[in-house]
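Visitor: Please bring up the sequence and the model. I would like to go through them question by question.

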Amino acid sequence: KLPAWCGVDMSELATADADGADSPFRDSPHGAKVDALRLLKSRGGNAFRMRLWNSPCAAGQCNASRFAHANLTNVLRMARRVAEANLSFILDLHYSDWWADPLHQAKPLAWQELPLPVLKRTLRAYTRRTVAAFVAQGTPPAAVQVGNEITFGMLWERPGEACARGGRLACAGDLFGSKVDLAAWRRLGALVDAGMRGVREACPRCEIAIHTSLGNRIAEFSSVGIGDWYELLLNHTTSPSFDRIGLSLYPAYLAPHPSSRPASALENIDALASLARRFPGKRVYIAETAYPQRGTAPPPHRFAASPLGQYEYLRAVLSRLAQALPEAQRGGVLWWERNESCDDALFSPSGVASPALLHGFVHGRLPRHYLKAAEPSSSRARQTVCGSWPPPRRGPCKLGAERSTGSH
């Protein structure tokens, strides 16, 4: 099994640094320019995730040149860079020509007319060819995500079509529970099964991850409900099972408790202990998270929207995961990094690495200029925390109400 992932999804890196030819990134305001992948590796990171779209913007829904980084040719190129930096590469298959997330799961343009039986065969063949391309160039993925945030299914029908033409969940009932829509689960299970078979045929050693946004909804559904979701998927697939349970966890997007009490990202992590017990053979990882280093902090502002607050959030997440999960099931954390212009990026707008990137994945003293008046929490020598996390335990944070998820 792979060690716990400590890493990032910087899918747009090649756009930002001209495919490595002109990096805008620095490890300090006056430092020399550095390659972001090598900087990540040198600061304790070990993993890099990248999304792949079938044919970016094929229906004209976005600017194809702007999103060219997500086509197969460029993702293959990035996989080579990741391998050269000695990082694990996680391939994130969206099965779409655009964003796939809880609110968007559009079929690729080339697949829109396909009936479900043909769609399943096409999905399997596409997955097999795609993963085989990475294997052929000597960069097999450490793991493949079959779908991205597939909480409500994937490969949805077009507007006006019958739900049975795609893999949308809860068409005529609930996601799980007494009114669960089992027919929808059978359709989604068949599609996920096809994807998993395609991965195994091309790369028997590649791990398979199933990624949902349910980390945001643990307070709403409970860990039992989250477990029911994955149990239903297991019951409706027949190929060799997946290896990892991936959850998005964004403080800004948390659904509240049924009582309307605000949810807490760290309390949601605590609840993963019961999920791990229910699926003892699977690693659980945070597939996406982020926190602002500027702008507005999610209420009630347990961590400041500052470079130090962002660092404290990452360390708290790592610590709580280490306490919640047995060591054999700690899958790690991936920071979702759109680009350095976003408030929750790990680089400043001028390209300077944040303390979360420089010090979040390692044990040791945080340099005093970050802390100002605060006392450092540890004087231990720097060492990686990717396999054995925990910084000192912090109290729970309660971070805001539900809002629409963005496109990840």
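Guide: Buried means under 20% relative accessible area, exposed means over 50%, and partly exposed lies in between (1.4 Å probe, protein chains only). The model is predicted, so local features need pLDDT of at least 70 and side-chain atom pairs count only at pLDDT 80 or more, while totals for chains, interfaces and linings use all residues. Residues are numbered from 1 along each chain as its sequence is written, and side-chain values use heavy atoms, with hydrogens and water left out.

Visitor: Is Y230 buried or exposed?
Guide: Y230 lies in helix α6, residues 218–235, where helices are DSSP runs of H or I with at least four residues and strands are runs of E with at least two, numbered from the N terminus. Its relative accessible area is 0%, so Y230 is buried.

Visitor: What percentage of the 408 residues counts as buried?
Guide: The secondary structure comes to 11 helices and 12 strands. Among contacts with a separation of 6 or more, residues 24 or more positions apart account for 74%. The buried part of the 408 residues is 58%.

Visitor: At what angle do helices α4 and α5 pack?
Guide: Axes are lines fitted to C-alpha atoms, for helices over the stretch in contact, and angles run from 0 to 180 degrees between N-to-C directions. Helix α4 covers residues 116–136 and helix α5 covers residues 182–202. Their axes are 7 Å apart, and the angle is about 30°.

Visitor: Is α4 roughly parallel or roughly antiparallel to α5?
Guide: Angles under 35 degrees count as roughly parallel, over 145 as roughly antiparallel, 65 to 115 as roughly perpendicular and the rest as oblique. The angle between α4 and α5 is about 30°. That makes the two helices roughly parallel.

Visitor: Is the crossing of α4 and α5 left-handed or right-handed?
Guide: A crossing is left-handed if the near helix is turned anticlockwise from the far one by less than a right angle, and right-handed if clockwise. For α4 and α5 the crossing is right-handed.

Visitor: How many nonpolar, polar and charged residues does the contact of α4 with α5 have?
Guide: Residues of α4 in this contact include L116, L119, K120 and R124, and those they meet in α5 include R187, A190, L191 and E201. Ala, Val, Leu, Ile, Met, Phe, Trp, Tyr, Cys and Pro count as nonpolar, Asp, Glu, Lys and Arg as charged, and the others, Gly among them, as polar. By class, the contact of α4 with α5 has 11 nonpolar, three polar and six charged residues.

Visitor: How far apart are the axes of α3 and α4?
Guide: α3 passes α4 in a right-handed crossing. L72, V75, L76 and A79 of α3 make the contact with T130, A133 and F134 of α4, and by class it has six nonpolar, one polar and no charged residues. The two helices pack at an angle of about 35°, and the distance between their axes is 10 Å.

Visitor: What covers the buried residues of α4?
Guide: The residues of α4 that count as buried are L116, L119, L123, A125, Y126, T127, T130, V131 and F134. Their cover includes β2 (47–52), α3 (72–84), β3 (88–93), β4 (143–146), β5 (153–154) and α5.

Visitor: How many of the 18 residues of α9 are buried?
Guide: Helix α9 (residues 307–324) reaches 26 Å from its first C-alpha to its last, close to the expected 26 Å, which is 1.5 Å times one less than the number of residues. It is largely enclosed by the rest of the structure, because the number of its residues that are buried is 14.

Visitor: In which loop is C57 found?
Guide: C57 has a positive phi of about 65° although it is not a glycine. Its relative accessibility is 6%, so C57 counts as buried. C57 sits in the loop between β2 and α3.

Visitor: What is the relative accessibility of L155?
Guide: L155 is not a glycine, yet its phi is positive, about 50°. It is placed in the loop between β5 and β6 (167–168). L155 counts as buried because its relative accessibility is 0%.

Notes
Contact = heavy atoms within 4.5 Å.
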